[in-house]
Structures are given as C-alpha cells and as structure tokens.
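Subject: Structure handover

Hello,

Here is the structure I said I would pass on. Please open it beside this email and follow along.

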Amino acid sequence: MEFFRIRKDIPFMRYAPVFNVISAITFVLAVIFLSTKGLHFGVEFTGGTVMEVNYGHAADIDEVRALVAKAGFPDATVQNFGNAQTALIRLPTKEGVTGAKMSELVLSELRGKDPEVKLRRVDFVGAQVGKELVENGLIAITLVALGIVIYLAFRFEWKFGLAAIIANLHDVVIILGFFAFFQWEFSLPVLAAVLAVLGYSVNESVVVFDRVRENFRKMRKAPVADVINNAITRTISRTIITHGSTQMMVTSILFFGGDTLFYFALALTIGILFGIYSSVLVASPLVMYLGIKREDMVKPERKREEAVV
Amino acid sequence: MNRYPLWKYLLVGFAVAIGILYAAPNIFGEAPAVQISPVRAGLQVDAALSKRVTDLLASDKIQDQGLIVEPNSIKVRFANPDIQLRAKDLLQKDLGEDYVVALNLLSNAPSWMQAINALPMYLGLDLRGGVHFLMQVDMNGALNKAADRYAGDIRQLLREKDIRYSGVSREGHDVSVRFRDEATREQASSVIDRNIPGLLQTTSESGGDYFITVSLKPETKRHIEDFAVQQNITTMRNRVNELGVAEPIIQQAGADRIVVQLPGVQDTARAKDILGRTATLEVRMVDEDANRTGQPGLGDQVFPERQKDGSVTNVVVKKQVVLTGDRIVDAGPTFDQNQRPAVSVSLDSAGGRIMRDITRENIGKLMAIILFDKGKGEAVSVARIQGEFSNRFQITGMFTAAETTKLALLLRAGSLAAPMEIVEERTVGPSMGAENIAKGWRSTMIGFSMITVFMIVYYVVFGVVSVVALAVNLVLLVALLSMLQATLTLPGIAAIALTLGMAIDANVLINERIREELRNGTTPQAAIAAGYERAWGTILDSNITTLIAGIALFMFGSGPIRGFAVVHCLGILTSMFSAVLVSRSIVNLLYGSRRRLESLPIGNTDWHKRGASAAA
C-alpha cells in the first residue's frame, strides 16, 4: 500500500508567494486576536483557586453559585466540568483571606447543604508564583528558539536555522491565536504542548533541509527552486505519514485522555497541522528568499556520502 | 552487509531483557499496606516490634498477607483496603505514641524483583491522590526578628559596659543607636564590634545627635535565611510525622520556599491545620515545694511529664516565664564530661544573659522546658541546675542517647524560625488519581493500537518490525522511569503517548528511504543498508531539536510539567536506540543472511515502472 505515487516533482516554490500570503494573513489574525481578546490564562498563571467538586448526582450549578457567594465569593465563576455531576468553581484571589483557606470556606458551605459532595481537586496558586511561571514560560520559549537556531546553524547553515525558527514561531503564534480566539484555557500542560510543538515541527524542517543538502550535491546543475521542489516532493509522503501517526496518538489523548489533557491535545493538534504546512511551505521559501546557494552547503564534504553503498 | 557482529545482537538483547525485567513490576499492581516507623531516631525496629505487631493483629483476628521488616520500618500487607483500615486503627491505638502508623501501598512484584531494586514507577500526586503545598518562608519576618534580637543584644551590651546611649531602635532590618556625643559613639562602636560579630556599622549625625546604624553583613543575612528555611523544614518534618503519611516529601524549593507533599492524605483541612501550627517553647522554674506537697500554689501551673518507662507524671511549674524558645539558636545531642548523654543548647546573647542571671540565683534547683503545641503544654525536660550557665549550656539527666536526640530536635524544631504562608496548594482526590491513570493508559493503548494497525497495513513486514521496535521503546521507557524512580504525572503519561507517536517517525523515515532505494533499482540488501544509513543523520538532527525543547521545559517547568519534560527527554533517547538499533537487528536477523533476496515485503514499490516517466 502506498498513498503517494508522485511521478513528477511538484513545483511548490512556484506557489511560494501564495503560501506566504496565507501565512501572513493567519499570522496577522492570530496577533490581532491575541492583542484584542488576549489569552484566557489558567489559574497557574493568574493566581487564584480552582476547585472541582463532585455531587454523585447532577449538580445544581445555580445553587452551587449561590452557596459559593454565601461563603464570601460573589465574583466566583461556577460551571459544569466534564459531566453534569461535577462543578468547577473558580475563586479569584481575595485580599485578607489566605488562598489555602478559601477552598475550606467554600467546601464547608457546600457540605452544609449537601454532605454527599466530594472534593475532587483543589488548585491554589499565589499571585507571585503565577507571575514566576509566566516569566519562566517566556524564558523557556526563548531558550528553545535560540537553541534550535544555534543547532541548525551549526549543523546546516544559519539561513536554515533562521528560516526554521521563523516558520515554527509562526506556528506557536497561530496556536496562541486559536487559544485567544476561542478563549480556551491556557494552562501549564498547554504551555508544555506549545514547547513540544516547537521542537517537533522543527523536525519537519530538518528532514526537508537534509534532503536539500543532499540534492545540492546530487543535482549539480539544477536551479535552487528545483532542488527544493525535489526535496519536498520526495519527503512529503514521509511527512504526512509521520504526522498522521503522531496525530493518531494525539487524537487518542484528545478523546480518551480526560479533561485535564484535552487542551493539551488540542494545542498539539493545531501545532501538528500547522507544523506540516509551515515547515514545508513556509520554511523552504524562506530559505530560498534568504538566498541559499549551492556553495553554502557543498563545501564541507561529508563522510556519510562515501559510507553508503 | 546486513549482518551485525554477535556482540551487537547480544547488546541489544541484553538491553531489551533488562528493560523487560525492570518494567515488569508495573504490571503486578500494588497491595494496601500499613507502614510502622518510629517517631524518633532512637527507637529500634526489631524482632520484638514485629512480634508485637503480629500479636496485636492476631488478637483482633486481622489476617495479614505478609510482613516485611526494614531497617527503619515494618510494612504489613493486607488483602483489601477495609482490612488495611481496621489494622491501621488498631495499630495506631497501641503503637501511636512512639510510632508513625501510616497507610501505604506495596508493590505486589515478587520479592526477588524488589531485591534487585526493580520497583514500579513512582506515581505523582495527580495519579495517586494527595496534597501538595508550596510554602513561602517570610524572610522579611525572619530578618526583622533577627534585627530585634540584635537591638536587644546591643541595648544590654551597652548597659553592661556602662556606655550612655539615648536610644536603640530597629529600622527595617537595621538597628539605629543614638548617642549624645561623638566620644561615646566611638567607644560604643568598638565595644559592639568586639562583642557582636557579623554586623556592619555606619555613622551619621543629625540634629546634634550622633548615630550608629548597625546592619547585618550579607553573609550574616544569608546565614539567618538559610537557618530559617532549615529549621522550618525540620519543624515541618516533625509535624508531618504526626499526620501519619507513609512517604512524605519535604524539601527546599528555591531560596525561600518549602515543598510539602503528602501522598494519600485526604483531610487537607487537618493537614493545613497541623502544618500551619505555631508551637512555642518556654523555660520555667519548677516549684519544688508544691511538687513535694502536691498542692500547686496560685502562681503555679501543672504540666504532664513523660518518664522514661512511658508513664506520665505531673510536674508543678511556676507561671513566670524565664525564657522563650526563639532565644534558642541551636541544640544538639552530645555527651557531658562523664560520658553521659546530654543535650547542648546555644542561646543568643540576650538569652544567655537572662540564663546567667537566673541560674546564678538558683543553683541546685529544678528547671523545666515546656513545649506548647496545639494549645497544650508538656514538660519535655526537667533538670537540676548544676552551675552558672552562659549562652552555651548542657542539659543532663537523660537516660539514653536516643532521648537526647529527641529533646535536641524538640528544642530546635519546636517552633518555626520564621512565619510561613501557603502560596500554592494542589489537592487531588484518590478516585480522581485512579481515573487519571486509567484515562492516561487507555489513550496511550488506543493510540498505540491505531499506529500498529496502520504500520502493518502500510509497510507489511517492515511495519511489524517498526511496531516491535515501538513496543521495545515503550518497555525501555517504562523501565528507565522505574529505575530512576522519576515521578510519573498525568502530563508524564501524555508524554509517553506523545513520544511513542513521535518515535514512529524514525521508522517511517527508514522505511520510506528503503522504498525509495528499491524504486531507484537498488538491490534489496543494498536498499536496507542505504535506508538505515541515510535516515540516521536525519533522525539524529530531528531528535536533537526535540531534545532541546525538552531540556528547556525541564529547566523552567515546575511540578507536573517537569514530569512531562523528563519523560519526553528519556523517550527521545530510548526511541533513537529502539528505532535504529533494535529494528535493524530484527531486519538483519530476518534478511541479512539471505543471499538471494528478490524483493522486500515493505509494501508496493514498483508502481512507477508501469508509468511513462520515472521521477527525477
């Protein structure tokens, strides 16, 4: 069985301007959503308390809301979570009440009405801790980006490093754009997913670039655009299959992994889909625009070439 | 060309065998157990204790499933959680005074596996249920307290040396001392410098007054901060003992924070209550007349005192407080000049002066150290004053070295060095933990099955080889996590799934390369060799970029995210091994020795031959 029976090289580079326009539009839209709507940060980042309680029977959300307000938190948000029996209560930070105390106040109020209510989890994060997490997250993204550029510059050429990281940071911004547009909760696992995507979709660019390098050696006379077209065409089958396999796992987590991992898997899904697109159709034209030449790649004669056959 | 030397097969086989061995404990599951460990260091865990436990259980007809004696604890296994709870209550009632009786889970793996340290993965709180607290030590408070203490010391010192000052006050973390004239200030400055180390002095004049501003040297500050965190950790550890938690984690996190993790604890309110308690120590004089007559007077108070045989007697103590516990700088077990066990205590200089005055007037009398905890007082030591004390003295009269250790701990850890606040709390109910495990594994398995089906349909025999390599990857990853006892969290399980999804990439790369070589007319044997060789460089590059992301996550992530990063990084390493070495070994074993290999079962590759033009 084989999905892709491509006989001729597909002239991807001829359509490069089209892809660039698409990228530019999605990117700008993502930035607009991020700046107007902003991210809906989880409690880990903002500080505050989240409680998940289970009633064993359908929870009366309005009643829960009233009880929470009675416990002294009128600005709390209460909603169903996962199923009808579970209520998720978010308490904003409040002056004068230590965070750890809040959940107790609320729980005792809820127990007073219905002793059956079970506490499933409490997450309380102080405002300071949240701020540090945001800072650390930004440092982590910056370091990953830098690390990848340096590695690719060392392994290939700085033009590849730069192209790959622009393409992939564009993915990250688009993922964040989705989270801003739909106001999905941006939690710590989502941040982990974003970083994993950053490392993962660079993979994709690396695979294409590897071929480009190889082609520069083999296709001595061909123009740069043809070299890149051939590299993409010959790797596209592998690209789709690998991403498909990874996506199978991610889909499985999305549907069966439970609520905690839902947005994690969602971020990965968006990242994988855009990762294919950007690393192939954004990174490669960028390399071309940056003016990659045969001389950039061919000068270090690699041992690997001789080892084969 | 497709044959490995024997040692390479052996190496791969050995690695896989070790992997299976160390991953195996995870499938045996865990049995409910009760863990009995001594509260203080001196108590023995020995045959006598194990007999006491078995007798107790037998007396109430509780069936146990085996008893393990370890150097520091005894663990008893039970058939189900109901029996476990009954046993815990029973043992708690009888042994609770001296031992921590806690619920625990024990691996059901055979004992020879446990003997070679093959243990199941260590589950994080989000998977086993429990409480996580991050507590912030109020360093400002600790430094204020220190500055207050120095202000007192300076006041006392100047008074003693007869140096006239017109005021001593604390300003922030500094102490400001005011004098009328410069000569006195000079004199005071050198006296302070000589007597109280660790301070910096600056002088200033304003409104005709002369000032010395005394501030803490940076190293003194750091010492105070370190001490505050260390002492608070010790205190927390003692308090956690009371909660009866089998495997608590109490450790420093950053410069001024303490992480407390209590797996299995459900009653968070009680946990918070006990951890947040402020215990205090007081030194008071014993009213010996009242003790003799048994009639406490008006200025007296009665406290229980535990004797060495375990019985409790009352001791009558004066209400007037000589000294409070925050004057104690350090305490440790030691021996006196007659080689009897003793506790050495160091007081700060103000405490030392009070002690000297009191002891000078009361030689030969009894002095008591009282610990107030949960609003109740208890005399932890009643000792006779042998001579005049200074800021360092010894408490003798204890009977064993173990007792001195306990008393030293109490003196040191009875109270917090600085106030603490809970800045992060995470509570996960036990049912939710179990649910998380089930969901995590189910999604991994479903994803794995989908990949298996697809790979076999698409790449036929090479698909089977890829799936075997992927399964080996899973086994090695689980084995590695079990060996390292790295904490597995729910994001960690997600990372296992994700890593497997990504790891198949390497095999796809290899298989696609082999197909391509075949399409270009290479012979099957050469195609296998070329496919593996050429794909290797790409696999390495792409895995290293992923690894960079994983390492950054590990460095800057916290809690569950760190769990994700650890699994992710380890998974990348195991996947490189299994995707390349393991799958190549299998392929070599299958095809390497066949001289006349016509085609490879890797799916259809000759479609292009029927086409008009071949790919460039």
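Predicted model: local features only at pLDDT ≥ 70, side-chain atom pairs only at ≥ 80, totals over all residues.

**Domains**

Start with chain A. Chain A is divided into domain 1 (12-41 + 129-300) and domain 2 (48-125). Taken over C-alpha atoms, the centres of domain 1 of chain A and domain 2 of chain A are separated by 40 Å.

Now chain B. Its assignment gives domain 1 (6-23 + 431-609), domain 2 (30-107), domain 3 (140-217) and domain 4 (280-420). The C-alpha centres of domain 3 of chain B and domain 4 of chain B are 31 Å apart. Domain 3 of chain B puts 8 residues into the contact, and domain 4 of chain B puts in 7 residues. On the domain 3 side, 2 residues are nonpolar, 3 are polar and 3 are charged.

**Where the chains meet**

How many residues of chain B are in contact with chain A? The count is 71 residues of chain B, against 67 residues of chain A. Several elements of chain B give two or more residues to this side, including helix H10 (268-275), strand E21 (420-428), helix H14 (430-484) and helix H16 (524-556). H16(B) gives the most, with 17 residues. By class, the chain B side has 36 nonpolar, 21 polar and 14 charged residues.

Strands pair across the two chains too. Strand E5 (residues 118-125) of chain A pairs with E21(B) in the antiparallel sense, over 5 bridges. Look for Val125(A): its bridge partner in E21(B) is Glu424(B).

**A sheet in chain B**

Next, find the open sheet of 4 strands in chain B, in the order E7-E8-E10-E9. The pairing is antiparallel. Which strands are at the edges? They are strand E7 (167-171) and strand E9 (199-206) of chain B, and each pairs on one side only. From one strand to the next, the twist averages 25°.

E9(B) pairs with strand E10 (residues 209-216) of chain B over 8 bridges. In that pair, Gln201(B) stands opposite Val214(B) in E10(B). Helix H8 (residues 182-195) of chain B packs on the sheet. H8 touches strand E8 (174-179), E9 and E10 of chain B. The direction of H8 makes about 15° with that of E10(B).

**Two helix pairs**

Two packed helices are described by the angle between their axes and the distance between the axes.

The axes of helix H3 (residues 47-59) of chain B and helix H4 (residues 81-95) of chain B come within 10 Å and cross at roughly 125°. H3(B) and H4(B) are therefore oblique to each other. Their crossing is right-handed. Val53(B), Leu56(B) and Leu57(B) in H3(B) meet residues of H4(B), among them Ala87(B) and Asp94(B). The contact has 6 nonpolar residues, no polar ones and 1 charged.

The other pair is in chain A. Helix H6 (residues 158-182) of chain A and helix H9 (residues 259-281) of chain A pack at an angle of about 145°, with axes 9 Å apart. The crossing of H6(A) and H9(A) is right-handed. Among the residues that meet are Ile174(A) and Phe178(A) in H6(A), and Ile270(A) and Phe274(A) in H9(A). This contact divides into 7 nonpolar, 6 polar and 1 charged residues.

Best wishes

Key: Residues numbered from 1 in each chain as written. Chains lettered and ligands numbered in written order. Domains from an automatic or database assignment. Contact = placed C-beta atoms within 7 Å. Nonpolar A, V, L, I, M, F, W, Y, C, P; charged D, E, K, R; others polar. Pairing = 2+ DSSP bridges. Axes fitted to C-alpha atoms, helices over the stretch in contact; angles between N-to-C directions. Parallel < 35°, antiparallel > 145°, perpendicular 65-115°, else oblique. Left-handed = near helix turned anticlockwise from the far one by under 90°.
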